[in-house]
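This report describes selected features of a single protein chain, taken from a predicted model.

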Amino acid sequence: MIAVVIPCYRVKKHILGVLSAIGSECEAIYVVDDACPEHTGDHVESECHDPRVHVVRCERNLGVGGATIAGYRAAISDGADVIVKLDGDGQMDPALIPRLIRPILDGEADYAKGNRFFDLEGLSAMPTLRLIGNSLLSFLSKLSSGYWNVFDPTNGFTAIHALVVRQLPLDKLSERYFFESDLLFRLGTLRAVVCDVPMPAIYENERSSLVIRKVAFEFALRHAANTAKRIFYGYYLRNFNIASIEIVVGLLFMSFGIWFGATSWIEGSQQGVPTTSGTVMLAALPLLVGIQLVLAFLSYDLQNVPRDVLHRRLEPPRNRP
């Protein structure tokens, strides 16, 4: 069964149009009223007569992540096989759902997500601030998740296999705007296969409730924490290889080179003594070696993207005749 989860908060004027555009390939639709002040859930129940639509109500505002998780749980309890997450503001085309779920149905991926950066000409519709912000967030997400092959991490148009959802620590996922990025990190710890699906960028008169200047510092800290946890889990707790040595030794060499060079320069400046070539080499050599080792680690990490589809290994064995 293909299910669609739509977290709803202040999308009353768009939701009916979104629901009417969802094709017959989806057998169940969960509209999650995230304590919406516009009472979107009541509006859907009174105006939408599609038997596939079910309204899930949150007692308090959980945020887009918390509302999506509530929808995931409802879909799984009803026996969904693949769960699509679709925003209710009309910025995602439901006609693209067959394209989004195809890699999962074909057994090529565990999680598929939209990528608005595939069509470069269509990016003219995206506000410049969002374009820059998404590019920076994409790089940070690559570091924290290990998925160097995907882009546009905050894209909320996603599909995931239900067996993979069951493996996720849903209670630990971020419930607010960091949800999609945190989900990628958690999928990385499971070694699930993630792929991008091209989609156009659609922007009309809607104002995003995500204010970049308010979340930039929070996102940076969360990505840094997830990067540290990912490296520890993947290169020390669950595995140990040459890259495990390269990153530690590289960072130590870089730190020593920077510290020694800075302290030598400060002392020479205070005493009016020029820095000798030997001192410069003692600072530069470990710094250069450290950079090379860190680059070697990144090269290994780039090749370490998960490639074995997880949900195929989680499926129960078929009965042989």
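## The Arg57–Glu45 pair

Arginine 57 has a relative accessibility of 43% and therefore counts as partly exposed. Glutamate 45, at 47% relative accessibility, is likewise classed as partly exposed. The side chains of arginine 57 and glutamate 45 meet in a salt bridge, with an N to O distance of 3.0 Å. Because arginine 57 belongs to strand β3 (residues 53–57) and glutamate 45 to helix α2 (residues 40–47), this pair ties together parts that are 12 residues apart in sequence.

The contact also belongs to a network of salt bridges, in which Asp42, Glu45 and Arg57 are linked. In the model as a whole, 11 salt bridges are counted.

## Buried charged pairs

Side chains of opposite charge can pair when their charged atoms come close. Glutamate 180 lies in helix α7 and lysine 85 in strand β4 (residues 82–85), and the pair links distant parts of the chain, 95 residues apart. Are these two residues buried or exposed? Glutamate 180 has a relative accessibility of 6% and so counts as buried; lysine 85, with a relative accessible area of 2%, is buried as well.

A further salt bridge joins arginine 230 to aspartate 301, with 2.8 Å between the closest N and O atoms. Since arginine 230 lies in helix α8 and aspartate 301 in helix α10, this pair ties together parts that are 71 residues apart in sequence. Both arginine 230 and aspartate 301 are buried.

## The second largest pocket

Which helices contribute to the lining? Helices α7 (179–190), α8 (212–237) and α10 each supply at least two residues. The largest share, 4 residues, comes from α8. By residue class, the lining of the second largest pocket divides into 5 nonpolar, 8 polar and 4 charged residues.

## A nonpolar surface patch

The patch covers about 530 Å² and is made by Val248, Leu252, Phe253, Met281, Leu285 and Val289. Two helices, α9 (242–271) and α10 (277–302), each supply at least two of its residues. Methionine 281, one of the patch residues, is located in helix α10.

## Aspartate 81

Where in the chain is aspartate 81 found? Aspartate 81 sits in the loop between α3 (63–77) and β4. With a relative accessible area of 40%, aspartate 81 is partly exposed. Aspartate 81 and tyrosine 233 are 152 residues apart along the chain, and their C-alpha atoms are separated by 29 Å.

Definitions and conventions: Residues are numbered from 1 along each chain as its sequence is written. This is a predicted model: local features need pLDDT of at least 70, side-chain atom pairs count only at pLDDT 80 or more; totals for chains, interfaces and linings use all residues. Side-chain values use heavy atoms; hydrogens and water are left out. Patches are made of residues with over 30% relative accessible area and no salt bridge: like charges are joined within 9 Å, nonpolar side chains (Val, Leu, Ile, Met, Phe, Trp, Tyr) within 5 Å. Accessible areas come from the Shrake-Rupley method with a 1.4 Å probe; for residues, only the protein chains shown count as cover. A salt bridge is a side-chain nitrogen of Lys or Arg within 4 Å of a carboxyl oxygen of Asp or Glu. Ala, Val, Leu, Ile, Met, Phe, Trp, Tyr, Cys and Pro count as nonpolar, Asp, Glu, Lys and Arg as charged, and the others, Gly among them, as polar. Buried means under 20% relative accessible area, exposed over 50%, partly exposed in between (1.4 Å probe, protein chains only).
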